[in-house]
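Please read them beside the sequence and the structure.

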Amino acid sequence: MDVDEENPVSVSLAEPSAAVTDDQTPVSTIDPTPLPAMQPIIPSLVPPPIVPPIAPIPSVSAPILRPLAPLPVRPPVLRPPLPQNGEMRASDSDSDRDDSGRAQAASGSAVEYEISEESRQFRERQEKAKQEFLMKRRASALAVPTNDMAVRTRLRRLGEPITLFGEREMERRDRLRMIMAKLDAEGQLEKLMKAHEEEEAAAPVAMEEVEEETLQYPFYTEGSKSLLEARVEIAKYSIKRAASRLYRARRKRDDPDEDLDAEMDWVLKEAGSLVLDCSEIGDDRPLSGCSFSHDGKLLATCALSGVAKIWSMPQVNKVSALKGHTERATDVAFSPALNHLATASADRTARLWNAEGSLLKTFEGHLDRLARIAFHPSGKYLGTASFDKTWRLWDVETGEELLLQEGHSRSVYGISFHRDGSLAASCGLDALGRVWDLRSGRSILALEGHVKPVLGICFSPNGYHLATGAEDNTCRIWDLRKKKSLYVIPAHSNLVSQVKFEPQEGYFLVTASYDMTAKVWSARDFKPVKTLSGHEAKVTSLDITEDGHCIATVSHDRTIKLWSSAEIEKEKAMDID
């Protein structure tokens, strides 16, 4: 029965209209049961007609592929070579988008033409630079005279100007080298040099010898007769002083009764007990320098007001005021022989005064403001350092300028003389210190080590140590025998403005700094002994008495402070009692 029922269903599907009209009763009998089954079957058969709309999917993929087709055409548009323009035109008729691409290609070709022009100019410049490099390399292989007179003679023979306006010796030599290289490149140098060789060969031998003698010139600048006399006098003075110093050092070394360590310990103990003894207002403006007299009875100070003052010791009472400078005073120094003192100023002059405040001499000649000054140990000469990159030596008696010494690449700030009188040391803003032999005028040692300007320099009384202080906050100890830095003291937290050894034996060293302190260091191992704190502004200068019992410091707080040993004060009190 199931099979029979299924067959009519299939027939009815094939001919639905005939089944309904011919047999009405069977349809009515079959309606209750097959209708619910036919309705779900019809929707199951309806989806196949929906499949054709899905079939055009390949046509959807075709439009996606069309924009990818012009991709091979684009690289030729971006390429600079012109032969690809034909390919670009062949691919222009594909679509409207290609027409817009053609317009872009045309504009791109114009841009490429400008780039090619720049590249052409760049290649020309590169070729020119290459030729110049080859010219310089060819010039470096040529033999050029080193003597300036020979260079001038060669230029004259080549028909070139022997000198140009503002041209120096090395520039003139380089110009001759380039001229010879150019002639060599043009093939004319051999011809010219051959003619010159023939001319030289034809000249007599005597003329060649005379020419060679005239081409030689001295490496030094000839000084005056007074400078020669001063050098001879300095040599005689220094020989006596050096012999005396060495004799004293040998006696201390060989004498069994001499105990150097005990003596140094006593001096360092005394320096460690330094206390503030006196504080006095020195001027209305900040103080810039101070100096004790050789007997320790007078103290001289100078200030930015341009006035120097002399004070009596130890009460610090003003004796006289030295007025004469038109600009700020930068330093003051007492003579080691007489009660004369010298002052330096920013008005480019140094002045010599007596203790009563009378002006004796004016030293003029510097081209810029002065910094520090110092007397020669003999007291006959005065050294001045200046911002014109020179230091000068003056005759105190005549006021004559004996020596103008160059050697620093920047301003010279500090100057000091060896205790024997044979050497001078200078320091400057080029971070260098230099040691000069006053007997010959030569620079015998360059002190390289500081990384910032060197502001203070001082020889030790032992004769072979030298101290420098700089803006790098350090103090360096140099050994003149080994010609190198012996020790680096990380002295302060700010720049070191002044350094000085104890003048009698050099057992300790004192440094002043812009960190408002001065410090005492042992000369044995360069360890700190005492810190002198009390100033309220940067300390600009200091000095030590000949016996080493008193230290004076001056500062931008306008005060003079005296530091003396507590042991000495006790001894004085006992003497009074």
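Which residue stands opposite G469 in β19? The points below take this up, bearing in mind that the model is predicted.

1. The residue opposite G469 is G456. The pairing behind this joins β18, residues 454–459, to β19 through 5 bridges, and the two strands run antiparallel.

2. Between β18 and β19 the hairpin has 5 residues, and G463 there takes a positive phi near 95°.

3. On its other pairing, β19 meets β20, residues 475–479, again in the antiparallel sense and over 5 bridges. Within this pairing, T468 has R476 of β20 as its bridge partner. The hairpin of β19 and β20 has 4 residues between the strands, and N473 takes a positive phi near 70°.

4. A separate topic is surface charge. D257, E258, D259 and D261 gather in a patch of negative charge on the surface. D257 is placed in the loop between α14 (225–254) and α15 (260–272). Is D257 buried or exposed? D257 counts as exposed because its relative accessibility is 70%, and the cut-off for exposed is over 50%.

How values were computed. Residues are numbered from 1 along each chain as its sequence is written. This is a predicted model: local features need pLDDT of at least 70, side-chain atom pairs count only at pLDDT 80 or more; totals for chains, interfaces and linings use all residues. Side-chain values use heavy atoms; hydrogens and water are left out. Patches are made of residues with over 30% relative accessible area and no salt bridge: like charges are joined within 9 Å, nonpolar side chains (Val, Leu, Ile, Met, Phe, Trp, Tyr) within 5 Å. Accessible areas come from the Shrake-Rupley method with a 1.4 Å probe; for residues, only the protein chains shown count as cover. A salt bridge is a side-chain nitrogen of Lys or Arg within 4 Å of a carboxyl oxygen of Asp or Glu. Lys and Arg count as positive and Asp and Glu as negative; His and the chain ends are not counted. The place of a charge is taken as NZ of Lys, CZ of Arg, CG of Asp or CD of Glu. Buried means under 20% relative accessible area, exposed over 50%, partly exposed in between (1.4 Å probe, protein chains only). Two strands pair if DSSP finds at least two bridges between them.
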